[in-house]
Amino acid sequence: MRTLANFYREREPAILGGGFILLLILAWQSVPALVSLPKGISLFFTTPVEVIQTFHQLVVKNQIQSHFYVSAVEFIVGLALAILVGLPLGLVMGRSKTLDAMLDPFVTAFNATPRLIFLPLLILWFGIGIWSKITIVFVGAVFPLLINTYEGVRNVDRVLVNVVRSFGANEWQTMKTVVLPNSVPYIVVGLRLAIGRALLGVVVGEFFAASRGLGYMIANAATNYKVDVVFVGVTIFMALSLILTYFVKKLESRLSRWRPETAKNY
Amino acid sequence: MALRDRYYEHQRPILGTVSVIGFFLLWEWQLTSVVTVDPFFLTQPSKIAAAAKELFLGGAIWQDLAVSSKAFLWGFSAAIIVGIPTGVFMGWRRRAEYTLDPFFTALYASPLVALAPLLIIIFGVGLTGKVVLVFLLAVFPFIFNAFAGVKSTDRLLVNVVRSFGGKEKDIYWKVILPSILPYMVAGARIAIGRGIVGIIVGEFYAASEGIGFAISRFGDTYRLPEMFATILVLMILAVVFTEGLRKLENVLAPWKIGQEAR
C-alpha cells in the first residue's frame, strides 16, 4: 500500500493529466451507449473507435496518403521558404538601424494582422494549385521567424561584439562568431511559432482552394456529413503539431539551458 | 547642423514614414508608367482609396463590420468569462493544474480551425458557428495567461492576507486579481489575433455577410480595389487593437510577461 501511494505521489502530474484525457475519450466513446441520441445529433456524432476504424480503412484503401503527401509538400516548402527569407532579413534588420526603421512599420502591420485574410488574394494570384498554399504557409510562418531572429540579434551582448570588433573582426565575422550563436535560441522559438502558423496555413488554405490535401479532405468530408473522416483529419493535424512542437521545445530547452531569460515570443 | 541633430533625434519615425509613403508612391507610379498592369491581377493605391471611400460612404462595409463584430464580441466575451476563472483555478489548485494542463496544452498547440467545417455544418452558416469558433480559438490564451498570472503571484502577499485572517475569497479578490491583470491584457492581445482568424475562416468558409465574406466575394468577382480596401481596413483594425494592448501591457507591467502560443 505504501509503495502504491509513493508510486502515485511521484507520478501525480502524469497520472492525473493522462487519466483526464483518457477519461474524456472513454466518456466520449460511451455517450451513444448511455443516451439514445436524437437523429439530428447522431448525424454529427462519431466515437473514437469509429474514428480509428475509419483511419485504418483510409490507410488500407490508400485514400489518405496522397492528401497527406500534398499537405506535407505545402508545409515543408512554405516553411523552408520562410526560413530562407525570415532568418537573413531578421539578421540584417537587427544589425542595421536604418533598415530596421524602414521595415518596422511593415513588419508590425503584417505581424499584427492574421495573414489568412490574404488567402483570397493569393488564390487570385496563384490559382488553386499548390502555390497558393505554399505562399499562405510562407506569409504565415515568415514573420515569427523574422521577429524572433531580430530579437535575438538585438539582445546580443554588446561587450562581446565590442571585443571581436576590437580584435579587428568585420561585420561578417562578428555575425558568425557572436551574433548568430547568440540568436539561435530565439530562432528556435520563432521556428516553434512558425510551425503553428504554417499548419494553420495548410489547413485553411486547403479548405477554400484545393482538390487535394488533408484540409480539403476535412472540408469535403464535412459537407458530406462524414464526421468520422473530419475527425481523422483533425486528429492528424493535432498529432503533427504536437509532435513537431514537442521536438522543437526539446531543442529549445537544450539550447537555452544556460540562458536565464526567456526569448521573446510573438 | 541643427537640422541634422533633429533628424538623428527622430530618425526612426522619419525613416518609417518615408518608407511607407515611398512604398505607396512607388506602387502607384510603377503601375501606371513602368509596367502595364492587368487589372484582374493588381490594382493601385488611388483606386483602392476610391473604393474605400465608396465602401464607407455607401455603408456596405459598416454592415459587414457590424455582422463580424457581433460574432467576434460574443465569442470573445465567452472566452473571457470561461477562460479567466479556469486559468485562475488551474493556477491556484495544484491538482487542477496536473489534471487540465496536458489536455489544454494539446488543444492550444493544435490547429483548432480544422474543426471549422464541422462546426459550421453543426451550427449552421449564421452567427452561432462563428461564435463557437472564435470562442475555441480565443479561450486558451486567456486560460494560460490567467494561469501564468496566478503562478507569478507573490506568495508573501497571500501569506499576509492569510495572517490577517483573510478568507479564500479575499485572496482571490485582493491579491490574485490585481496581479493577473497585466497577464490578462497580454492574453487579450493574443486572443484578438486568434479571434480574427476564427471570424474570417468562418466567413470564408460559409457566410452570406461579414468582413471575411466581403473579402472572398470581392476576390471571386475580381473587384480588386474593393478587396484591397477591405483587407486594409481589417489590417488597420488589427494593428490598432494589438499595438494598443501592447502599449497597455507596457504601462501595466513594464517587465516582460505573457504566455504565448505553446
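## A walk through chains A and B

Chain A has a radius of gyration of 23 Å, whereas a compact globule of 266 residues would have one near 18 Å. This radius is taken over C-alpha atoms, and the globule rule is 2.2 Å times the number of residues to the power 0.38. Please keep in mind that this is a predicted model: local features need pLDDT of at least 70, side-chain atom pairs count only at pLDDT 80 or more, and totals for chains, interfaces and linings use all residues. Residues are numbered from 1 along each chain as its sequence is written, while chains are lettered from A and ligands numbered from 1 in the order in which they are written.

Let us stay with chain A. Its C-alpha trace spans about 75 × 65 × 30 Å along the principal axes. The chain has 12 helices and zero strands; both are DSSP runs numbered from the N terminus (helices: H or I, at least four residues; strands: E, at least two). Of its 266 residues, 41% are buried, meaning that 20 or more other C-beta atoms, placed from the backbone, lie within 10 Å of the residue's own.

Now turn to chain B and its helix α6 (residues 116-123). Six of its eight residues are buried, so this helix is largely enclosed by the rest of the structure. They are B:Ala116, B:Pro117, B:Leu118, B:Leu119, B:Ile120 and B:Ile121. What do the buried residues of α6(B) pack against? Their partners are α10 (171-208), α11 (214-223) and α12 (227-255) of chain A, together with α7 (127-151) and α9 (168-205) of chain B. Just after α6(B), B:Gly124 takes a positive phi of about 90°.

Notes
Buried ≥ 20, exposed ≤ 12 C-beta atoms within 10 Å, placed from the backbone. Contact = placed C-beta atoms within 7 Å.
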